[in-house]
Amino acid sequence: MHASVTTPLQEIVVLLGQPVAGNPTQYMMEKCFAAAGLDWRYLTVEVGVDLFPDAMRGLRAMGFRGGNLTMPHKVAVLPLLDELSEAARLMGAVNCWKREGDKLIGENTDGKGFLERLREVIDPAGKKVVLLGAGGAARAIAVELGLAEIAHLTVVNRTAARGEALARLVSDEMKIPAEFALWEGDYRAPAGTAIVINGTSIGLHDASARVPLDLGTLEPGTIVADVVFNPPETRLLREARERGCKTIDGLGMLVNQAVIAFRIWTGISPDATIMRDALEEFLSV
Ligand code: NDP
């Protein structure tokens, strides 16, 4: 992709992050800008922790339209923004910001992308959910599940402090019943669990990696979702499907996040099929 020399800064969005060797979101965005007839650009820029505040001030001064952020910038950006969405405030992380007049507004699309995909299969309201993991992706999903008014959340994590903090956030701040379960050996899902989500990085770039979950405890028809998108069919999803569960891969979450961010910046709903095709082309799947 070659940035047009005539593209004004107001029509450029920037991903600030650590080294990114080829970025799927950039690929999806550039395809959709072109398809929508917009002369917009999506740039990726590597910025270290020390200079990150200067980089954000530079983007603000020059009038850039918005951007995405990767860790650890998702948290470091909080004091550099003027306003936060409710979800971003609860998560304590921003992965997407936009300019509105002179203000920079922080959002978080990680969990929203997941929820939009989940809702295509099941309405999570009133459901009992098990969430494996308590890192950035899991936290974003937990907050959106809380906003969607699920009946109960169990956060399962091998590190107690992170898991407990996430369960507390959902129960205390969002008033949704939530508990923490320490992850030791194969986790046994409680009876009545409707949705199980792998929010860990187990399975990333490793189709043989096993999520320690006793699939025998899942009732047929249980929804099993994975945030891992590469490979799209993880071992967890394959084995869950073989046991009669309905599965959701991580590709839809990534596509939906890009769709939501596109809408936030441009005000236009992009063609999700173009996003999905671009992602599959990028990942060669
Ligand atoms: P973090 O590093 O913030 O969190 C990782 C989580 O995985 C922690 O809960 C960690 O547990 C757990 N974990 C890692 N390895 C193991 C293991 N061997 N056994 C048990 N638990 C483990 O990562 P992120 O939340 O940012 O990312 C997680 C995954 O989500 C990645 O694969 C990423 O690619 C994917 N992702 C997908 C997106 C999509 O659109 N599909 C969007 C964002 C992320 P502990 O706390 O004990 O260390």
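Tutor: Start with a term: a polar contact is a pair of N or O atoms within 3.5 Å; within protein, one atom must be able to donate a hydrogen and the other to accept it, and residues adjacent in sequence count only if both atoms are side-chain atoms. The model is predicted, with local features needing pLDDT of at least 70 and side-chain atom pairs pLDDT 80 or more, while totals for chains, interfaces and linings use all residues. Residues are numbered from 1 along each chain as its sequence is written, and side-chain values use heavy atoms, with hydrogens and water left out.

Now the ligand. There are 22 residues around it, and A137, N157, R158, T159 and V227 come nearest. A residue is near when one of its heavy atoms lies within 4 Å of the molecule. Look at the polar atoms next. R158 places a polar side-chain atom 2.9 Å from a ligand oxygen. V227 uses its backbone: an N or O atom there lies 2.9 Å from a ligand nitrogen. L254 also uses its backbone, with a polar atom 3.3 Å from a ligand oxygen. On its own the ligand has 930 Å² of accessible area, and the protein covers 76% of that. Accessible areas come from the Shrake-Rupley method with a 1.4 Å probe; for residues, only the protein chains shown count as cover.

What is the shell around the ligand made of, by class? It has 10 nonpolar, 10 polar and 2 charged residues. Here Ala, Val, Leu, Ile, Met, Phe, Trp, Tyr, Cys and Pro are nonpolar, Asp, Glu, Lys and Arg are charged, and the others, Gly among them, are polar. Helices α6 (136-147) and α9 (251-266) each give at least two shell residues. The largest share, 3 residues, is from α9. Helices (H or I, at least four residues) and strands (E, at least two) are DSSP runs, numbered from the N terminus.

The chain divides into domain 1 (11-108 + 253-283) and domain 2 (111-248). These bounds come from an automatic or database domain assignment. Each domain supplies at least three residues of the shell. The C-alpha centres of the two domains are 26 Å apart. Between them, 13 residues of domain 1 are in contact (heavy atoms within 4.5 Å) with 19 residues of domain 2.

Go back to V227. Among the residues it joins is N198, whose contacts beyond four places in sequence are L132, V211, A225, D226, V227, V228 and L236. N198 sits in strand β10. At 0% relative accessibility, N198 is buried; buried means under 20%, exposed over 50%, and partly exposed in between (1.4 Å probe, protein chains only). Its side chain makes a polar contact of 2.7 Å with the side chain of T200. A second one, at 3.0 Å, reaches the side chain of D226.

T193 lies in the loop between β9 (178-182) and β10 (195-198). T193 is buried too, at 7%. A polar atom of its side chain is 2.6 Å from the backbone oxygen of P190. Beyond four places in sequence, T193 touches K128, V130 and T222.

Finish with N68 in strand β3 (residues 66-69). N68 counts as buried, at 9%. Its side chain makes a polar contact of 2.6 Å with the side chain of Y42. Its contacts beyond four places in sequence include V14, L15, N95 and W265.
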